[in-house]
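Subject: Structure for your review

Dear colleague,

Please find below the structure that I promised to pass on to you. My notes on what was found in it follow directly after.

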Amino acid sequence: MRIKVHKAHEIPVPSDSILAPLYKSADLLDAFAIQLPAGASDDLEVLARAGFERQAWWIRALTRVRDMIMATVGVKSSRAVGIAAAQGAVIGFFPLLSKRAGELVMGADDSHLDFRLAIQLRTGSAGGRELVVVSVVHCHNLLGRTYLAVITPFHRVIARASLEQVASHSV
């Protein structure tokens, strides 16, 4: 028996996200979705951890390169972002900011930019369940805009890969 593996795809940003008020004038705004297999968890935190805590080797390598380069301009490493939020829950290195039925929000504010990731579990167009990741970034200065310009192509690939990891580990 062959298991059908779904691919993550870009979708319009959901208007019902808690992040919707942040969409205006965002420097980065995107959303990706993937259909979940029938046996996948309904717990958003479990799903988020599956996507952001056991990342592929190439994502971990890119994160290390990012951390080394950004340290030269005084930006917190991914590890430091997670440690700064040690008083609360952290998923991967993203601080968990809120969790409600159907959506959780991770993110952090820094001197160069503020970022938020919302993860939604909703009914898909084919009637199954889909997991959606929404990213919103607001830059504060030239460093933030330069950083965002460099990482955006990687961000899009990593967002899709993280969703696909959730789906493939949920079977």
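In which strand is Glu130 found? Glu130 belongs to strand 7. Before I say more about this residue, please keep in mind that the model is predicted.

Glu130 has a relative accessible area of 11%. A residue counts as buried under 20%, so Glu130 is buried. Leaving aside its neighbours within four places in sequence, Glu130 is in contact with Ala33, Ile34, Gln35 and Leu36, and also with Gln120, Leu121, Arg122 and Gly124.

Overall picture

The protein has 171 residues, of which 46% count as buried. Its secondary structure consists of four helices and seven strands. Read from the N terminus, the order of the elements is β-β-α-α-α-β-β-β-β-β-α. The protein exposes about 9200 Å², and 60% of this is supplied by carbon and sulfur atoms. Among the contacts between residues at least 6 apart in sequence, 64% join residues at least 24 apart.

The nonpolar cores

In soluble globular proteins, nonpolar side chains tend to be buried together. The largest nonpolar core in this model has 33 residues. Leu36, Leu104, Met106, Ile119 and Leu131 are the residues with the most contacts inside it. Two or more residues of this core are given by each of strand 2 (28–35), helix 1 (44–52), strand 4 (94–100), strand 5 (103–109), strand 6 (113–123), strand 7 (129–139) and helix 4. Helix 4 provides the largest share, six residues. Another core, of ten residues, lies apart from this one, and Ile11, Tyr23, Ala118 and Val134 are among its residues.

Leu36 lies in the loop between strand 2 and helix 1. Apart from neighbours within four places in sequence, Leu36 is in contact with Leu47, Leu121, Arg129, Glu130, Leu131, Val166 and Ala167. Leu36 and Arg129 are 93 residues apart in sequence, while their C-alpha atoms are 5.7 Å apart in space.

Helix 1

Is helix 1 mostly covered or mostly uncovered? Helix 1 is mostly covered, since seven of its nine residues are buried. These buried residues are Leu44, Glu45, Leu47, Ala48, Ala50, Gly51 and Phe52. Their cover includes strand 3 (90–91), strand 4, strand 5, strand 6, strand 7 and helix 4.

Helices 2 and 4

The axes of helix 2 (residues 57–71) and helix 4 (residues 142–169) come within 11 Å and cross at roughly 170 degrees. Helix 2 is therefore roughly antiparallel to helix 4, as angles over 145 degrees count as roughly antiparallel. On the side of helix 2, the contact is made by Trp58, Ile59, Leu62, Arg66 and Met70. On the side of helix 4, it is made by Leu143, Tyr147, Phe154, Val157, Ile158 and Ala161. The residues of this contact divide into ten nonpolar, no polar and one charged.

Helix 4 also holds His155. His155 is buried, with a relative accessible area of 16%. Leaving aside its neighbours within four places in sequence, His155 is in contact with Leu28, Asp30, Phe32 and Ser135. The C-alpha atoms of His155 and Ile59 are separated by 9.9 Å, although the two residues are 96 residues apart along the chain.

Two exposed loop residues

Where is Ser25 placed? Ser25 is in the loop between strand 1 (9–10) and strand 2. At 61% relative accessibility, Ser25 counts as exposed. Most residues other than glycine have a negative phi. Ser25 has a positive phi of about 60 degrees although it is not a glycine.

Gly39 lies in the loop between strand 2 and helix 1. Gly39 is exposed, with a relative accessible area of 66%. The C-alpha atoms of Gly39 and Ala167 are separated by 9.9 Å, and these residues are 128 residues apart along the chain.

With kind regards

Key: Residues are numbered from 1 along each chain as its sequence is written. This is a predicted model: local features need pLDDT of at least 70, side-chain atom pairs count only at pLDDT 80 or more; totals for chains, interfaces and linings use all residues. Side-chain values use heavy atoms; hydrogens and water are left out. Axes are lines fitted to C-alpha atoms, for helices over the stretch in contact, and angles run from 0 to 180 degrees between N-to-C directions. Angles under 35 degrees count as roughly parallel, over 145 as roughly antiparallel, 65 to 115 as roughly perpendicular and the rest as oblique. Contact means heavy atoms within 4.5 Å. Ala, Val, Leu, Ile, Met, Phe, Trp, Tyr, Cys and Pro count as nonpolar, Asp, Glu, Lys and Arg as charged, and the others, Gly among them, as polar. Buried means under 20% relative accessible area, exposed over 50%, partly exposed in between (1.4 Å probe, protein chains only). Accessible areas come from the Shrake-Rupley method with a 1.4 Å probe; for residues, only the protein chains shown count as cover. A nonpolar core is a set of buried Ala, Val, Leu, Ile, Met, Phe, Trp, Tyr and Cys residues joined through side-chain atoms within 4.5 Å.
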